[in-house]
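Please work through the following exercises with the sequence and the model side by side, trying each task before reading its solution.

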Amino acid sequence: MKVGGALKYYRRIGNKTQVQVAEQANINEKYYGELERDESSPTIDRLEKISYALGVELQQIVSYKPLQEVRIEMFSDITMDKYLCNAYCNCCGTEFYALDSVICPVCGCEYSDENEYIEIYG
């Protein structure tokens with residue numbers, strides 16, 4: 001059972017060192033380091049002591065899934081004098097981003113200086 005990532009995650013959340021967790025769990029600090037690196041597998045009894053030292057439930061450690069990185073890409077098209085703006089449609093309540101012409105993708109309202117259907121934030 002690989003639990004090293006979970007141990008490291010919960011230890012860092014709790015602002016503890018490996019030495020502190022090992023002492024509180026009454027285990028050898030080198031052994032605890034091996035557990036975090038997945039070089040050793042703990043028994044259930046030891047894992048229970050470690051979870052108590054970390055202040056989390058045992059099931060949080062065994063069911064831990066690392067967070068996935070989400071990449072968000074921003075763009076700008078300066079060469080064509082286009083810009084991205086944040087808009088809100090007062091007609092249907094949709095918030096959206098627009099490039100060049102500002103038209104609500106839900107109801108089709110179009111921004112103009114004469115009406116107040118669309119508000120532009122940026």
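With which residue does Glu39 form a salt bridge, and how far apart are the closest N and O atoms? This is a predicted model, in which local features need pLDDT of at least 70 and side-chain atom pairs count only at pLDDT 80 or more, while totals for chains, interfaces and linings use all residues. Residues are numbered from 1 along each chain as its sequence is written, and side-chain values use heavy atoms, with hydrogens and water left out.

**Exercise 1. Salt bridges**

Task: find the salt bridges of the model and describe the surroundings of their partners.

Solution. Begin with the criterion, by which a salt bridge is a side-chain nitrogen of Lys or Arg within 4 Å of a carboxyl oxygen of Asp or Glu. The structure holds two of them. The partner of Glu39 is Arg37, and the closest N and O atoms of this pair are 3.2 Å apart. Glu39 counts as exposed because its relative accessibility is 52%, given that exposed means over 50% relative accessible area, buried under 20% and partly exposed in between (1.4 Å probe, protein chains only).

Next, turn to the salt bridge in which the side chains of Glu36 and Arg11 meet, at 2.5 Å from N to O. Glu36 lies in helix 3 and Arg11 in helix 1, so this pair ties together parts that are 25 residues apart in sequence. Both Glu36 and Arg11 are buried. Helices (H or I, at least four residues) and strands (E, at least two) are DSSP runs, numbered from the N terminus.

**Exercise 2. The packing of two helices**

Task: determine at what angle helix 1 and helix 3 pack, and which residues meet.

Solution. The two helices pack at an angle of about 115°, with their axes 7 Å apart; axes are lines fitted to C-alpha atoms, for helices over the stretch in contact, and angles run from 0 to 180 degrees between N-to-C directions. Helix 1 and helix 3 are therefore roughly perpendicular to each other, since angles of 65 to 115 degrees fall in that class, whereas those under 35 count as roughly parallel, those over 145 as roughly antiparallel and the rest as oblique. With contact meaning heavy atoms within 4.5 Å, Gly4, Gly5, Leu7, Lys8 and Arg11 of helix 1 meet Tyr32, Leu35 and Glu36 of helix 3.

**Exercise 3. The nonpolar cores**

Task: describe the largest nonpolar core and follow Leu7 within it.

Solution. A nonpolar core is a set of buried Ala, Val, Leu, Ile, Met, Phe, Trp, Tyr and Cys residues joined through side-chain atoms within 4.5 Å. The largest one has 17 residues, of which Leu7, Ile27, Tyr32, Ile50, Leu54 and Ile61 touch the most other members. Helix 1, helix 2, helix 3 and helix 4 (44-54) are the elements that give two or more residues to this core, and the largest share, four residues, comes from helix 4.

Now take Leu7, which lies in helix 1 and counts as buried because its relative accessibility is 0%. Leaving aside residues up to four places away in sequence, Leu7 touches Tyr32, Leu35, Glu36, Leu47, Ile50, Leu54 and Ile61. Leu7 and Leu35, although 28 residues apart in sequence, are 7.9 Å apart in space from C-alpha to C-alpha.

**Exercise 4. The sheet and Phe96**

Task: work out in what order the three strands form the sheet, and where Phe96 lies.

Solution. The three strands form an open sheet in the order 2-1-3 with antiparallel pairing, two strands being paired if DSSP finds at least two bridges between them. Strand 2 (95-99) and strand 3 (118-120) are the edge strands, each pairing on one side only, and the twist averages 40° from one strand to the next. Strand 1 (residues 84-89) pairs with strand 3 over three bridges, and Tyr88 stands opposite Glu119 in strand 3.

Phe96 lies in strand 2 and is buried, with a relative accessible area of 7%. Its contacts, apart from residues up to four places away in sequence, include Cys85, Cys89, Cys104 and Ile118. The C-alpha atoms of Phe96 and Cys85, which are 11 residues apart along the chain, are separated by 8.5 Å.
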